Amino acid sequence: MKFSASIAFLALSVSAASAFNPSTVATGAIRAKVPFAGRQNKALVQPIGIDGKRINSGADFSLKSSGGDALETRGGGKLSNVDVPLMLYFLFWYVGNYYYNITNKLALRAAGGSSGFPMAISSLQLGVGCIYALFMWVAPDARSRPKVTMDDIIKMLPVAFCFMGAHSASVFALSAGAVSFGQIVKAAEPAFAAVLSQFVYNKPVSKAKWACLPIIIGGVILASVKELDFAVSALVSACIANMFAAFKGNENKKLMETEGVRDRIGSVGNQFALTTLLGFLMSIPVVLIKEGHKLGQFVELFKTSPAVSANLIASGLYFYGYNELSTMTLKKTGAVTQSVANTAKRVIVIVGVAIVLGESLDPIKLLGCSIGIGGVLLYSIIDQLLAKKD
């Protein structure tokens, strides 16, 4: 798991550099502040200590004082009560999600928006994740391979299809409208999950949760009123993404309840890798049907436009990295913490991305966003709050 997290960190760092091209500024700052003799033209992406020397790969990034005390993660140091790995999971989950939304939007813009190649971009993002997943299986001591059977693969198909559908619809929604607006609509996913759980999967939803849904829907409607970049296609696509995501959640629960499947998959990382691989294969026919007649244009655009190629690859790495890290993070936390974390993540993404991309932040839109996301948080924790009172 440590190896996986470190690789994800490197992927995110390289992707950020490719998206914003900070190499000149960053390296100039390092050269100015960390002079040392005999500098050679080494690779730029190397950890540099405060003394100006390169840190050995796989080194301990602990800060040691003169007395020999180390910065420890659980177990008697100054941060003995802080789960530092969990904090890093949260950090890179948020950073990955934030930069995914930026690089994804930049790639979509450069490729022509919703009239360009959103399906090809969404599919290739999954393809980039597949390369990373396969690398993790073949790299020495990285990740043990799953021992799934063909029957297990068949049972995973509904989850993979819903995963692919949710991702493709989300990408199209973000290509048709503002990222902030798409995220606000996607925040209404609990409404879709409640309806499906109640009427399709026969899993009753509490009255308290039902009472929260008007708050969520009302917030989304209010945010839509003052949306300058409003598009019906963005709204519909985001709703379709919510539907697929709700189906995926229920199908995933059914899959994990199947005897022996969890053991044969082996880990959370393997589960997401298999889902990504299957989702990518399923997305290819969709791309051919939707954009097959103009794929030649896309190939030429990919070759000649760094704004498309660099941001597409970066967004694919970010998408895979933040999803895997979010799964690891949520596995280590409780239900309430998960709800708060998801809420905070969405607020950061909506506001941060809107500022970077120059999207509208009208007060009415922000109010609707606050009401909708607040309703999502309340929906997530209302049963626990009422249980404590009882």
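Predicted model: local features only at pLDDT ≥ 70, side-chain atom pairs only at ≥ 80, totals over all residues.
The rule I applied pairs rings of Phe, Tyr and Trp (its six-membered ring) if their centres lie within 6.5 Å, with planes under 30 degrees apart counted as stacked, over 60 as edge-to-face and the rest as tilted.

I then looked up Phe319 and Tyr322, an edge-to-face pair with 5.9 Å between the centres and 90° between the planes. Both residues belong to helix 13 (residues 306–331), where they are 3 residues apart, about one turn of the helix. I took helices as DSSP runs (H or I, at least four residues), numbered from the N terminus. An α-helix has 3.6 residues a turn, so residues three or four places apart point the same way.

I checked burial next, where buried means under 20% relative accessible area (1.4 Å probe, protein chains only). Phe319 is buried at 8%, and Tyr322 is buried at 11%. I noted one aromatic cluster that holds Phe319 and Tyr322 together with Tyr100, Tyr132, Phe163, Phe272 and Tyr320.

I searched for charges over rings (NZ of Lys or CZ of Arg within 6 Å of the ring centre and within 35 degrees of the ring normal). The charged end of Lys209 sits over the ring of Tyr379, 4.3 Å from its centre. Lys294 lies over the face of Phe117, 5.1 Å from the ring centre.

I recorded that the buried residues of helix 15 include Tyr379 and Ile381.

Residues are numbered from 1 along each chain as its sequence is written. Local features need pLDDT of at least 70 and side-chain atom pairs pLDDT 80 or more, while totals for chains, interfaces and linings use all residues, and side-chain values use heavy atoms, without hydrogens and water.

Methods. Helix = DSSP H or I, 4+ residues; strand = E, 2+ residues; numbered from the N terminus. Buried < 20%, exposed > 50% of the residue type's maximum accessible area, 1.4 Å probe, protein only.
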